[in-house]
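Here's a walk through a protein structure, written for someone who is just getting started. Take a look at the picture, then read on.

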Amino acid sequence: MKYVDEYRDGKVARQIAAAIAQAADPSRSYHFMEFCGGHTHAISRYGLEDLLPSNVRMVHGPGCPVCVLPVGRIDMAIRLAQRPEVTLCTYGDLMRVPGSHGTSLLRAKAAGADIRMVYSTLDAVAIAEAEPTREVVFFAIGFETTTPPTALAIKLAAAKRLSNFSVFCNHVLTPPAIRGILEHPDLAGQPGPRLDGFIGPAHVSAVIGADAFAEFARDFAKPVVVAGFEPLDVMQSILMLVQQVNDGRHVVENQYIRAVTPEGNRIAQAEVAAIFELRDSFEWRGFGRVPASGLQLREAYAAFDAERRFAMAEISAADNPACDCGAILRGIKRPTDCKLFGTLCTPETPMGSCMVSSEGACAAHWTYGRFRDHARRAVA
Amino acid sequence: MSDRIKRRKLDLAHGRVDLSHGAGGRAMAHLIGEIFHAAFDNPMLRAGNDQAAFEVAAGRMVMTTDGYVVSPLFFPGGDIGSLAVHGTINDVAMAGARPLYLSAGFIIEEGFAFADLKRIADSMAAASRAAGVPIVTGDTKVVERGKADGVFITTTGVGIAPRDLVLSAEQARPGDKVLLSGFIGDHGVAVMSQRQNLAFETSIQSDSAALHELVAAMVSAAPQGLRVMRDPTRGGLAATLNELAQQSAVGFRLDEDAVPVRPEVAAACELLGLDPLYVANEGKLVAVAAPEAADTLLAAMRAHPLGRDAAIIGEVIEDDHHFVQMTTAFGGGRIVDWLAGEQLPRIC
């Protein structure tokens with residue numbers, strides 16, 4: 001596979017691993033948060049943890065859009081889908097996310113709701129066009145990466161004068177979440193995680209640019225390396241972070257130069273800005289409400305806003321109180337620190353947000369890495 | 001079939017199945033006669049009984065049944081008909097058996113085109129003839145529009161295994177080798193490429209194939225060394241090995257570099273956010289074999305066209321947790337876990 005295999009070369013990975021081991025000062029430890037679930041997935045999927053020296057530890061962050069969607073918003077989507085006139089279109093990985101009382105879109109679909117899995121926002125527009133008697137709603141979630149396609153769908157629906165298409169908007173922004181972790185690292189009396197730097201998101205940065213993370217390097221003295229999702233990207237970025245820490249530097253570096261520029265994709269940014277505006281605050285699963293962290297449709301596009309069109313009532317539902325997702329999403333706890341992990345909470349029966357999507361920290365550890373827990377216990 | 005019935009031909013080019021074709025009357029006799037009997041023709045079927053009677057040789061009788069509900073019905077490299085024949089032959093063959101006969105049950109949706117039904121029946125007939133395993137009895141039902149996705153097929157297969165050959169899922173032992181007959185994921189990617197909302201261009205064809213001759217070659221090469229065979233269909237290689245790990249109360253350790261995946265399949269999976277280890281196959285087998293027999297079996301597999309790309313992909317290990325572990329191409333470790341629900345493309 002051209003342009004992919006080059007970034008999955010095991011020999012090169014071992015060379016970078018050796019360079020990290022050589023660069024890492026044995027008298028200190030390094031804690032780096034990968035914000036993005038895509039990086040968490042790559043680290044687990046390729047077993048990168050085994051290639052790092054013991055004093056370099058990766059801390060999983062909150063960057064999985066499925067994981068941070070609160071239960072209440074899922075409940076709202078289910079309630080919407082249960083309306084007889086509505087066809088709810090959604091990305092596949094939202095189907096199994098638990099709402100309140102064990103519900104999910106998958107179960108609502110089985111019970112008769114018209115819920116259709118789509119692979120693109122434009123598929124939802126096409127359904128609206130083909131079925132004019134149905135109220136077609138696209139259940140939009142995701143960070144800055146998935147917002148431009150939603151904007152495009154709204155623009156297209158407006159151009160086609162579709163009166164039966166709308167968007168249930170749940171788009172959220174990356175920088176406010178990182179700021180939230182750095183400004184309020186503690187949670188319910190638990191001390192915050194030690195963080196020596198961040199691996200910056202890949203696809204998000206392609207849209208908003210590497211410079212979007214400069215504030216963290218500047219204001220909090222944390223090095224940031226924007227990295228691609230391939231395993232060699234991650235390994236190289238860890239080496240770059242170790243070097244910054246060793247040198248006492250804290251700047252934004254861009255490892256993912258093949259896709260990311262300092263300023264990002266200006267056209268995509270303009271499209272998003274034309275259609276969306278900031279919400280005052282938005283609830284994140286495990287985080288609570290985060291100021292200026294979510295988007296909603298501008299007044300000019302109110303006709304395409306499902307929340308207004310269907311007068312959707314805001315639902316707030318609490319996570320399971322025994323669930324440690326909040327602490328895990330902030331890097332305070334590891335998945336295995338949660339007493340629900342692997343007992344009540346597994347990918348088949350996810351209780352908390354981190355187990356929901358394959359990119360969540362708990363799901364990644366359960367799916368790819370839990371053999372290490374047994375090995376550690378056996379050694380102990 | 002009477003002359004009177006013969007005179008009232010089905011309009012195979014433009015006609016459609018309606019509820020009368022499942023009502024047990026003359027219309028049903030036309031449908032069965034002109035499409036199924038014409039395609040599957042053999043003496044046992046021609047006898048027109050509600051069952052087939054046949055002699056069996058000495059040995060252990062093997063029987064399986066499987067339902068086929070694939071969408072779309074036609075895909076690169078096959079269709080639901082050939083799939084129903086191959087899949088059932090393979091399930092019989094995985095016991096080390098020689099498949100003898102098949103039955104086929106059809107549930108057809110009202111409105112289904114005769115032309116498509118004939119195409120499916122012809123494809124089944126071609127697959128069963130090529131495999132030398134005739135379809136000797138069957139059943140036809142028609143359901144109202146909206147109650148089936150075009151056509152569903154259920155096939156049952158019977159075969160005979162040598163009396164002293166017992167392949168079974170609980171027989172994998174630590175130290176045994178895991179053999180795979182070729183590239184994984186071809187069928188799943190070929191089918192996905194044709195789905196309406198996912199259409200993408202690929203040169204990949206389904207690997208749908210009858211594996212009984214390959215199995216016969218393996219049984220002939222090292223009958224005592226074979227512990228268990230299974231065709232990794234839905235759920236892919238990952239599901240099959242997890243099942244075997246549980247049933248044999250062992251673990252597996254795979255070598256990622258040794259698992260054959262075509263670049264096109266890897267690329268399609270990359271695009272969709274899927275893992276080829278979980279993608280369906282229809283013409284591959286996994287065998288667990290005693291270590292001393294592994295090389296002999298590998299050579300026998302590679303000598304057969306359907307095992308040309310066979311490889312030893314790992315080994316059985318002791319593991320109380322029955323994990324399927326894999327050494328990644330990077331030298332790190334990971335689990336190849338059970339799939340949680342359906343494998344769904346990820347959001348970003």
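## A buried leucine

Let's begin with A:Leu297, which is buried, with a relative accessible area of 0%. (Buried means under 20% relative accessible area, exposed over 50%, and partly exposed in between, using a 1.4 Å probe and protein chains only.) You'll find A:Leu297 in strand S13 of chain A, residues 295-297. Strands (E, at least two residues) and helices (H or I, at least four) are DSSP runs, numbered from the N terminus.

Before going further, two notes on the ground rules. This is a predicted model, where local features need pLDDT of at least 70 and side-chain atom pairs count only at pLDDT 80 or more, while totals for chains, interfaces and linings use all residues. Residues are numbered from 1 along each chain as its sequence is written, chains are lettered from A and ligands numbered from 1 in the order in which they are written, and side-chain values use heavy atoms, with hydrogens and water left out.

Which residues does A:Leu297 touch, not counting residues up to four places away in sequence? The list is A:Ile154, A:Cys169, A:Ile275, A:Phe276, A:Glu277, A:Phe304, A:Asp305 and A:Arg308. Touching, or contact, means heavy atoms within 4.5 Å. A:Met351 is another story: its C-alpha atom and that of A:Leu297 are separated by 31 Å, with the two residues 54 apart along the chain.

## An arginine in a loop

A:Arg279 is found in the loop between strand S10 (276-278) and strand S11 (281-284) of chain A. Is A:Arg279 buried or exposed? It's buried, with a relative accessible area of 10%.

The side chain of A:Arg279 makes a polar contact of 2.8 Å with the side chain of A:Glu307. (A polar contact is a pair of N or O atoms within 3.5 Å; within protein, one must be able to donate a hydrogen and the other to accept it, and residues adjacent in sequence count only if both atoms are side-chain atoms.) Leaving out residues up to four places away in sequence, A:Arg279 also touches others, including A:Arg73, A:Cys169 and A:Gln296.

## The sheet in chain A

In chain A, four strands make an open sheet with the order S4-S3-S5-S6 and parallel pairing. Two strands pair if DSSP finds at least two bridges between them. Strand S4 (115-117) and strand S6 (165-171) of chain A stand at the edges with a single partner strand each, so one side of each has no neighbour in the sheet. From one strand to the next, the twist averages 25°. (Axes are lines fitted to C-alpha atoms, for helices over the stretch in contact, and angles run from 0 to 180 degrees between N-to-C directions.)

Strands S3 (residues 86-90) and S5 (residues 135-142) of chain A run parallel and are joined by four bridges. Here A:Leu88 stands opposite A:Val137 in S5(A). Helix H5 (residues 121-130) of chain A packs on the sheet and touches S3, S4, S5 and S6 of chain A, its direction making about 170° with that of S5(A). Helix H6 (residues 147-159) of chain A lies across S5 and S6 of chain A, at about 160° to S6(A).

## The sheet in chain B

Chain B has an open sheet of four strands in the order S1-S6-S4-S5, with mixed pairing. Its edges are strand S1 (60-68) and strand S5 (135-143) of chain B, each with a single partner strand, so one side of each is left without a neighbour in the sheet. The twist averages 15° from one strand to the next.

Ten bridges join S4 (residues 98-109) and S6 (residues 151-161) of chain B, which run antiparallel. B:Gly105 stands opposite B:Thr154 in S6(B).

## Rings and charges

Across all chains, a search of the whole structure finds 14 aromatic pairs. (Rings of Phe, Tyr and Trp, the last by its six-membered ring, pair if their centres lie within 6.5 Å; planes under 30 degrees apart count as stacked, over 60 as edge-to-face and the rest as tilted.) A:Phe341 and A:Trp366 make an edge-to-face pair, 5.8 Å centre to centre with 75° between the planes. Both A:Phe341 and A:Trp366 are buried.

There's also a charge over a ring, which calls for NZ of Lys or CZ of Arg within 6 Å of the ring centre and within 35 degrees of the ring normal. B:Arg119 lies over the face of B:Phe74, 3.7 Å from the ring centre.
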